[in-house]
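These are my notebook entries from a look through the coordinates.

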Amino acid sequence: MKIRARRRLALVLRTGAAVALTLAFLFPIYWLFMISFKTPDEIFAYPPKWWPGQINFANYAVLFKDGDATTVWNSLVIAGVSTLVSMFLGSLAAYSLARFRTGGEHLANWIISQRMVPPIAIVFPIFLLYVWLGWVDTYVGLILLYSAFNLPYVIWMMRGFILDIPPALEEAALVDGYTRWQVLWKVVFPMCRAGLFATAIFTFVFAWNEFLFALVLTRTEVATYTVQVTHYFGGQSNFWAKISAMSVLGTLPVFVVVAFMQRYLVRGISLGAVKG
Amino acid sequence: MSQRPGALAGSDGAAVAPPTRRGVRTRGFRLALVAPAIFVLLLVGVFPLVYLIVVSFQNITMTDVDTGFQGLLNYRLLATDGRLWEALLHTLIFIAIALPVELIFGLAMAQLFIERIPGRAVFVALLVLPVLVSPIVAGANWSLMFDNRFGPINQIIGWLAGQETALLWTIRPTLVYPAILVAEIWQWTPFMFLLLLAALSGVDRSQLEAAAIDGASWWRTFRKIVLPAIWPVIAVAVLIRGLDLFRLFDIVWALTRGGPGTMTETISIFTYVKGFQQFETSYTAAVALLIIVLLSAAVFWALKRVELAR
């Protein structure tokens, strides 16, 4: 009886701690979303108001009217196309690495080490090159850079997913007269469809959320939403309403998309090191 | 790898099937598969490196007309540039504080959530959200939160202290580091938590029960059974976060831009300012190379340490 009571107490305490922690971690996100629905008077009220008087979409309307919201479209194009490119090139390379051990451990290690180079050291020479090529502030420039930057991640992840599927089916397909290419497209990739999807999602999120490359390599034409958010900073007159509304426009899609990818979250953010 | 060409390798690394008649042609096939990826990686990975080396020996600045080769001039400047080494020091301070705090806090949270809690999956899904926010957005949001007058942080402190509070979080020298660290730790503790939770759920339950029956203390069980089991994941998580912290840019940029003065300037911000605001092209190239060398050495050392500890 006493042990049971103690267990109940422990459960209640744990649940209480879990609720408190979750609230603490979610509060900043709540604050961000909440500000975007406030009127300017409410944002600059003292003491601060902890919830908006009414839900008000004016801050979003301004972004769409002024054309600032097109930066979300730029993010979508750049992150979307670069994801397709790096997924295509990376999956092919991953298959070769996984099944034929091309290049052995050395090549695999070299590829993952490419991911460790600090972005600032990459972006500086790339910027000088792009100035010369006239690629600054173009889709091509950013798409190429993000594709290359995400490539090690895709190869590393897809190598793991391909190693997870048994090779027997591929052998059978070869015996049945499939060509190597057909095996790849009709057997291998369909079998690791979920892995492809998960890898693509995280590749997309990395590019979508990236700031430094976009800051250096865009001006006005293809500025992404992360760069746009920082355009509202400045001295004492931060455009709070715009910062928050723009941030929500960029953040909400990621929340929604990753909600469907919960199963792969651990594997995705640990670069495939933890299966989860 | 003494493997016959054309044979497919399974996850155990053993060849699982005899070579097919097409075996002869697989060499071309498997190289064709990796070639495009390697080409792109060389283009964006190795080209910049070579280019950096060339530029670093020149003398390109915004004002100088003579951009000829200057030998080791820029490298000599590195040694005496106090601001550079301070930036490196700031970066190391951020790593030295944020990394252990995130690890310990994440581990504690994982320990909590490994036990039975109603609605656990929902809690975990919600706790992960900070990781998914773009770091620059997280920084921007924290700068609103830390606002001396209209932000909630000062109000909460005011309630606790029982008097009106208007701390200048992003301006006062004694408060900027705590402010940046709070934002950083808020965003990335869930990362540690998620990885360690996955690791903990992989620990053999029967060993834990056996230890409990033997009357082992919680601490002893944790040190002798749990910690060795989750050690590889800790190593990976620390490595990933350590590398991320070394390149710390976004959150600091949003909160202080390296200020006040250059007090919170990280190595990434320093390089950005030199290269893209002061246009000291050649010197920046030398700095970028220094970063790459230092980081490679650090990673090499860390990997060796991990291997030894295993």
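Is D137(A) buried, exposed or partly exposed? I counted 15 other C-beta atoms within 10 Å of D137(A), so it is partly exposed; by the rule I used, a residue is buried if 20 or more other C-beta atoms lie within 10 Å of its own, exposed if 12 or fewer, and partly exposed in between, with C-beta atoms placed from the backbone.

**Conventions**

I note that this is a predicted model, in which local features need pLDDT of at least 70 and side-chain atom pairs count only at pLDDT 80 or more, while totals for chains, interfaces and linings use all residues. Residues are numbered from 1 along each chain as its sequence is written, and chains are lettered from A and ligands numbered from 1 in the order in which they are written.

I returned to D137(A) and found it in the loop between α6 (119-133) and α7 (139-164) of chain A, where its phi is near 65°, a positive value in a residue other than glycine. Helices here (H or I, at least four residues) and strands (E, at least two) are DSSP runs, numbered from the N terminus.

In chain B I looked up R257(B), whose phi is near 55°, a positive value for a residue that is not glycine. R257(B) sits in the loop between α11 and α12 of chain B, and with 17 C-beta neighbours inside 10 Å it counts as partly exposed.

**Entry: chain A as a whole**

I counted 14 helices and 0 strands in chain A. Its radius of gyration, taken over C-alpha atoms, is 24 Å, well over the 19 Å that the globule rule (2.2 Å times the number of residues to the power 0.38) gives for 276 residues, so chain A is more spread out than a compact globule. Along the principal axes, the C-alpha atoms of chain A fill a box of roughly 75 × 75 × 30 Å.

Of the 276 residues of chain A, 49% count as buried. Residues 24 or more positions apart make up 75% of the contacts in chain A with a separation of 6 or more, a contact being two residues whose C-beta atoms, placed from the backbone, lie within 7 Å.

Chain A is divided into domain 1 (2-56) and domain 2 (67-239 + 251-269), with bounds that come from an automatic or database domain assignment. I noted 34 Å between the C-alpha centres of these two domains of chain A.

**Entry: A200(A)**

Which residues does A200(A) touch, not counting those up to four places away in sequence? I found T83(A) and M87(A). A200(A) lies in helix α10 (residues 193-209) of chain A and is buried, with 22 other C-beta atoms within 10 Å. V154(A) is 46 residues away along the chain, yet its C-alpha atom is separated from that of A200(A) by 7.8 Å.

**Entry: chain B**

Chain B has 13 helices and 0 strands, and 38% of its 310 residues count as buried. I looked at helix α6 (residues 135-145) of chain B, in which 11 of the 11 residues are buried, so the helix is largely enclosed by the rest of the structure; W142(B) and N141(B) are among them.

I then followed α1(B), which has 31 residues and reaches 43 Å from its first C-alpha to its last, close to the 45 Å expected at 1.5 Å a residue, the expected span being 1.5 Å times one less than the number of residues. α1(B) bends by about 35° at L42(B), the bend being the angle between axes fitted to the seven residues ending there and the seven starting there.

**Entry: where the chains meet**

The contact takes 85 residues from chain B and 85 residues from chain A. On the chain B side, the largest share, 16 residues, comes from helix α1 (residues 26-56).
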